[in-house]
Structures are given as C-alpha cells and as structure tokens.
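Please read the sequence and the model side by side. The paragraphs that follow go through sheets, helix packing and a pocket in turn.

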Amino acid sequence: MGTDSRKIQEELQFLLEEDNRVITYKFVSANFGIHVNDAKRQLQSLLGACRGRGDDAITATFYLSGLSEEEEDCVAQKSLVVSEDQLTAARSSLTSVTSEHVFSVQRHRVRDTNVLYGADLQERQADPAAFNSHGAITNVRAERLSEAELLKARQVTLPAAPAPAQPAKRPAAPAPAAKKEPSAAADEQPSSESPANKQKSKEDDHNKAEAAEKGKSAGKSSGKGSGNIASMFAKANTEKKTVKSPPKKAAGGGMMASFLKKGADQKPSSESTNASAPAAAAAAAPAKSTPPPVKSEPSEADKTETVRFGAKKGAGGGAKGARGGSARGKRQRKGDSGGSEPAKQRRRIQVASDSSESSDDDGGREEPDPEPEPAPPPVSDGEEDAQPTQQHGKRKRKLVTKTFVDDDGFMVTKKEYESCSGSDSEEPAAKNSAPAREKPAAPAPAAPEPAKPSKPKEAAHHKVKQAGIMSFFKKK
Amino acid sequence: MALVVLLFDAQFKFQPSLTGSMQLKEELSVERTAALFSYETARYQLSGRDFSRQFYHVYSSRLKAVEERLRAAAAEKWGGVAVVAVSELDEERAECAVIGTLFKQQQLKPSILKEISEEHNLMPQPPRERFISDSDHLILEDEGARIRLEGNIDPQQYVNGVVCAVVGREEVSGKFKVRDVCFPDLPPQTVDRPIPDNDSYVLLVSGLGLEASGNLFPAQLLVDLVTGQLGSEEEQTEMAAVTRVIVAGNSLSASSRDSQFLKRAAYLTSDVAGQSAAAVRSLDELLQQLTASCDLDLMPGEFDPTNHLLPQRPMHPCLLPKAAAYRTFHGVTNPYQAVVGGRRLLGSSGQNVHDLYRYSACDDPLTCLERLLTWGHLCPTAPDTLTCYPYYDKDPFTIDQCPDLLFAGNQTKFATKMCRGSQGQRVRLLCLPEFHRTATCALVNLRTLGVRRITLGSALTQNGEEAQPEK
C-alpha cells in the first residue's frame, strides 16, 4: 500500500505540473480506483509534499462542513467549499466542525466554482456509474432495472381512454375502421419511440393477416395529420354513406393527406367555394374505395398532381362501378356511359364541390333529378346543355332567368334552362367547368387543371348568389 | 505498530475521524438505511380525461366531504347553536350557524372578460403580483343559496373555496353578520406504523432550476454529499441514514421552457437544440448519480415538462432515461403523499401556497401553509384560480388524513414550524426555498420530526465574499 501510495503521489505530481490539472478528490478516487476517503488522504499528502518543497504556486480548496447557530425550530448546517485563505474565517463561522478535508489541488488560483465543476466533467460524463462508485455509502436496493422492466416503464401510458378522441374523428366508423382507429390513435399518442414502434409493430403483425387492412392503416396513419379534415369528412359523410365499406372511409383518410397538399395549392383559387377545397378533399377521398389503389395514390401524390389525378381517375372508375345506392354512385353511373377522362375529371370536381353541403346535395340532387327530365329542354339551350347532359347524366336543368345587356344597350331578361346539379353554389361552378373542360378534348390532365381551379372560382363566384335563390324556389 | 481492528456491521453508526496517519485501514462502507414506505398518490392520479364537466362538482364534493367534520367542530365550539342552510336564514332567527364554501368577490381577480376588453380599446389589465383590494368581500355559498358575510371576518385572510362554518345572524340588509368562524378539525393522526428507533432522514429539496447552461456546482455538491463522497466519515455515516430524497418540483428553470423557441420557424432552429432538452439532459445526469445511491421521488413543478393543471402527473421516465434506469427512481405526482418510515408526508411543489399569497393578504409562506392545514384543504383556490381537473365525485385535495410533515416547495425562503392539533396531533410545516437561488435544502428526521437546514456554498474569492447566495 505504501508503494501504491507513492505511485499515486508521483502520478498526481505529474498531473499537477505537466497537465496543469485541477485535481479533485473525486478524480483521484475514480482514476486510481480508490475509496474517496483514501483519495482525500492522498491529496492531503500531495499538498503537504508540495508545501514542504516550498512550492507556493500550488493552491488548494477545502470542504468544510459543520453546524452553525441554531435557529428557531431547526438546526442549521453549512457545507462549504472554501479556498485556503478563507478556511479560518469559514471555520469561525461554524459552531462545530463535522468535516474538513481537501477538495482539490491545483496550480492556479481558483476563483470560480465552475472551474471545480468543470474539472471532472469529462470523466463524469464518460462513465457516471464508475465515477461515483467509490463512495462510502452503498445501497443494495439501487440496482438497475432489467431490460424488460425498463421497456415496461417507458411504455407507461396514461390511463385516459383513447375513446374521447375517437368520436371526433369517425362517429359512424364501422367496426374494422373503428379497430383501425384505436390502433392508429394508440400509435400516434405515445410520445416515446420505442413504445410507438412496439405497438405499431404489434399492430402490423396483426394486420399482416389482413393485407388490405394493412395498407389502410398505413394510409390512415399518414392521413392522421389531417385529422380535422377527417372529422369534417366523417360528419359530412355520415348521412350520405350509411354503410360504406371501411376501406373507403379509411382510404379517405389516406387520400385526404395527399389531397390536402393539393387542396392547399388550390386554396387561393377555390377559396370562394365555401371551404370546398378541404371539403373537396374529404369528398374526393371516398371516391376512391379500394384500398390498394388508395395505398398507391398517396405515394404517387407527391409526384405531380396530374399524375395523381390520373391514378384517381383509374381507381375512381372502378370504384364507382362497384358502389351502389348512393346519390353519388347514381350520378356517376349515369355519366359513366361517356367514360371519357374529362368526364371523370369533371365528376371529381363535382364530387368535390358538392361535398360542402353533402346532405343538402343528397336531397338536392335527388329532387332536381326527376324534375329537369320531364321538363322539355328548350332547343335554344340544347347546344349549351346537350354536352353537359350527355356527359353527366346527373346534370339537371333548371329554369333560370338571365338578365343581360344586348348590343343595343337594352337589358334583356331571358328564361333559359341551365344544366346544373342539385347544389346551389357548386352547380354553376361544376357546370361552367364542364364546358370549359370539353374544349381541350384530349384529357391531358394538366390542361383542365389550370382551367378547373380558376373556373370553379370564377363560376362559383357570381353563380353562388343567383343559383342559390333559384334552387330554393325550384325545390318547391 | 499497533493494529487497531475496527468492527464493522451493517448498522454501523459512528467512527472517529481519522487524520490519515494510519496505514492499514478498512475504508468506510455503510449500507444506506432502508425505511418502509408506501405511496398514497393514487388519489392524485387522473383517471379520466373528460373536461366537459363543470367545476361545480368539485366544490360540491368538497363540501360533502367536510360537512360532517364541520358540524362536529361547530357543535363543539359553539354549543347548541343550530346549523341551518342559507336558504332557511331569516332575520327573526336568533343566532345560528351556516356551513358553506367561501367565495371571495375580488375586483382585481384576472378575468377573461377583462382580458378581452382589449378588443374594446379598454385599458388592458396591468400584470399584477397580488390581486387583493379593499373592496373584496366574502360570500358564503351552500348547496342552495349564498349570502354575503360581514362582521368578524376579514376577507383578506381567506380565499375562494374554503369550506367553513360561521355563526352569527342575518341582518335586515340581507347580509350575515358573523360572530365567529370555525373550520374542520384536523383528523387524528393514525400512528399504526412503527416509528423507527434509529434516526432516519428524508432529504427535501426543491427548485433545482436547471438550465441549459448554468452553475451546477451547488447541485453537484448536494449530490456528492448525499451519495457519501463528500465529508468526513462522520458525515458520511450520517448521510447513510438518509433513506429518501424528495425533489419537490421545478427541477428545470422557468427559462428552460421553450415557448419562444417553439414560435420560431423550424428552418431557423434546425441546428439549435431546444433549451429544455439540454436542461433535461443535465437533470438526468444529476439525478442518475442520486438514484444510483438513494431512493428518489421526483415531483413535477410549475416549470417542469408535464401537465399544468393539478394534480400534475409524474414526469415520464423517458425524459430521464439514465436516472430512470434504476429501481430507486420514482416519478411521483404533485401533490405528493406517502408514508415513509412511519411518518405521513404530504406536500406540493408550491403552486398552492403561491396562489394563497396572490389572493390573500398572507405574506409569509409558513403562515399560508398553516392556514391550509387549518382549513383542511391543500388547494382551496382550485379550480378557481389554480387550474385543476374537473372531478366529479371527489375532491382529492382535502386533507382527510393528518400528515406528520406538510411541505411546500419553491418558496421564497426556508421556514419551518411545528403545529399542534386539538387532539394532540403534531404536524411539522416546512417551506423549502428554491435551491438554484439559495442552495438550501432540508433534512427531516423521521423519528423526531426535527429539521436540519443544509446550506451549500463556496467562498473562493480573495476578499472573502460569499460566492454563493446565502440563506
């Protein structure tokens, strides 16, 4: 032990002089693997040796602890780290001294506690457990948790049920969708990664059995960000689609995410259609029903809008054929005879634009449907209306009065049949966009799109006011 | 050479300090004292997340919980005075007593209506520290009706939500003239757990106030002291008797909250780490050293990353991965209640006492704490000015089990006092100051309920100035 002590002293001396290090007792303890009390003694002897050599450049700080004057109802203890010159003054401020030992030895004067703190910082952070392992107190109960327990502790989620969060999203969600919801919700909620991954992976394993569902959940998780859109969509579609297959609804979530981007782009252009863009997203989403196309669509959405629309069209066509019993399906089936892509595009817009007043749409669309058909279309408007009606069986024709100024400067009021769908505000938008889109017959999706965003905006802009009033009367 | 063989065993208490002259020596190794403990924090755990309820239920369950005790206390204090409901009061009655909840009508109380008065170009309310004014008055409400109180009752000594019984009579003006006030008696102290024979301690500290970059030296000193690194063998042995360390809130500083950081655009902050993240990391490193040696109860506070409303949930173990890896780490709720070594500890991170200070004329935190004990409720101002969860069938903040130690963290100064109840109960009140400001913590002896105030500091400058703020 004597030789060890000598070796330690030599090393310390080296560190002190060559490295110019602030040597704290903890550093000595951790570095040489000795008990803290032994380290303190080592430092003391180091200090003594230096002083003996007359090396005045070496300074030391001391730890002093003791009781000071008793105050009312409590005993006061002071624990101080003082420099050597303050030692006597500090000692006198205490009534009894409990401990006094060397805290650190260094070659320069220490003026700030940060120096003392920073001296050991590196070693402490490198291996905190080892740095503190030579203390005087042991504790058998202070053991590390096992891996399993650690994982469990980190997965502690709050006992609040996720149920309150659900109704906002999908009030009428069928069972499989509902099952997807909690899983996705549970996936999103835990903040820590590992629990989320764990639960997600659990869910994924469960879903692997149902391949279709899996894509759905992926789609839905991506769509989770637009949760409020989903809720709008959910409310909007509760009446419309009573028993929509879950994939469609869930697909909506995924679609919505991609559509939201597009919706955001379209926002300035279609802002006038009262929130039709987000509603459009919501409405457009159910147009895709089958999950696999849905799964591909969100991924494609990032490429180009046009490409995405193309994909949507493809899926939409198939989906529409499959669907039945809904107003939307009806309309689409009617218009599907044309089957051209402009028709589908137009259908999309129609669907999108109608969704803002979905329940009204339903009612409105049913009623005008029978009405214009028995009404004989005037020949003069045949040209204007024929094409729309040809391509969109769903288009009704309404009798509207048009007031315009003719060449002579006289105001002329004319009663005409305008083809429009049930919704007041959206019909003119859709109608105007329809003829606009027929001109570029080639269904290059890019072409109608610039026209389409602008058209609905302009069309809807002034149509909203008039058509609104007319359809109100028409319904009677 | 005389070899002195010293006997060691697990309960070793004292050893004369050595001057370093002995060559052969067994180094001191003391096992930390264990103490029986059990948490009673189940009452503070939020069970649901339904915020659609009104807060009326909290008040009504508060009144119901305390009503019986109040009746008994009133009967004892005022003899045969009849206890009536407010609606049954009338002027012809002789003196009678009424039980209800106090409502303090305060003009200066921040109100959302006044806040939105900015829209009407009215002066916005200036930021205030205290909201008391001379025009405040008290109203007593029970389930049926309310009546304004006057007389021998000072509005500035009370706050909203205190349940009490008042005796007096109704006056012609429709106000109730109070002769005396009475509060529920302290419940008896159930001492059915064995109180240890030896001294065992609990170390209480609050307001560590760690920032992303700050002076951590006093905190490190404290940790070294508790883990048995610092000090002579005598001190180390004493510290081995510390069974538990309770950190009472605000372990992160107010400045570490990232509110400004979050407002900036993400592209501006992509290379800058959040302040709170760095602060939490320092806290983790500090607490890891503690948990490696001692049981630690970490309470959240006002500035800690957890929910704001009371009761605050424990900080998630993921925030402190290194510290939470030990079995000795326990995240606990705020308020906190546990039985340690035969003593019941009840305390909070100080929000309740701050609220009392803001809405009453009570300046001294210790007096505020005493009032809370007298009124039998930990946070009477919840849910009025102190956000709390809208409970339906219970109010978990009523003090229905008499504590042995009632503490509040993050106060302006250290203060302690022994309170005595009418049935011989002894309650130690303790106000803990903020550690980052005062470097002071408290060591409570579980056997005697004596308190030792430990102040850490340094004196490194030439001219003898204290480098650390003292007291």
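What is the order of the strands in the open sheet of six strands of chain B? The order is β2-β13-β14-β15-β17-β16, and the pairing is mixed. Strands (E, at least two residues) and helices (H or I, at least four residues) are DSSP runs numbered from the N terminus, and two strands pair if DSSP finds at least two bridges between them. This is a predicted model in which local features need pLDDT of at least 70 and side-chain atom pairs count only at pLDDT 80 or more, while totals for chains, interfaces and linings use all residues. Residues are numbered from 1 along each chain as its sequence is written, chains are lettered from A and ligands numbered from 1 in the order in which they are written, and side-chain values use heavy atoms, with hydrogens and water left out.

β2 (37–39) and β16 (415–420) of chain B each have a single partner strand, so one side of each has no neighbour in the sheet. On average, neighbouring strands of this sheet are turned by 20 degrees against each other, direction ignored. Within the sheet, β14 (343–348) and β15 (405–411) of chain B run parallel and are joined by four bridges; B:L346 has B:L406 as its bridge partner in β15(B). Helix α9 (365–375) of chain B lies across β15, β16 and β17 of that chain, at about 140 degrees to β17(B). Such angles run from 0 to 180 degrees between N-to-C directions, with axes fitted to C-alpha atoms, for helices over the stretch in contact; contact means heavy atoms within 4.5 Å.

Another open sheet, of 10 strands, has the order β1(A)-β4(A)-β2(A)-β3(A)-β19(B)-β18(B)-β9(B)-β10(B)-β11(B)-β12(B), again with mixed pairing. Its edge strands are β1 (23–24) of chain A and β12 (329–331) of chain B. Five bridges pair β9 (201–205) of chain B with β10 (242–248) of chain B in the parallel sense, and B:V202 stands opposite B:R244. Helix α6 (275–291) of chain B lies across β10, β11 and β12 of chain B, at about 145 degrees to β11(B).

In chain A, helices α2 (25–32) and α3 (36–53) pack at about 115 degrees, with their axes 8 Å apart. Residues making this contact include A:Y25 and A:V28 of α2(A) and A:V36 and A:L43 of α3(A).

Which element gives the most to the lining of the second largest pocket? Helix α8(B) does, with seven residues. The lining has 22 residues, and among those nearest the pocket centre are B:H354 and B:D355. A pocket here is an open set of points on a 1 Å grid over the protein atoms alone, where a 1.4 Å probe fits, with protein on both sides within 12 Å along at least five of seven lines; lining residues have an atom within 4 Å of a point.
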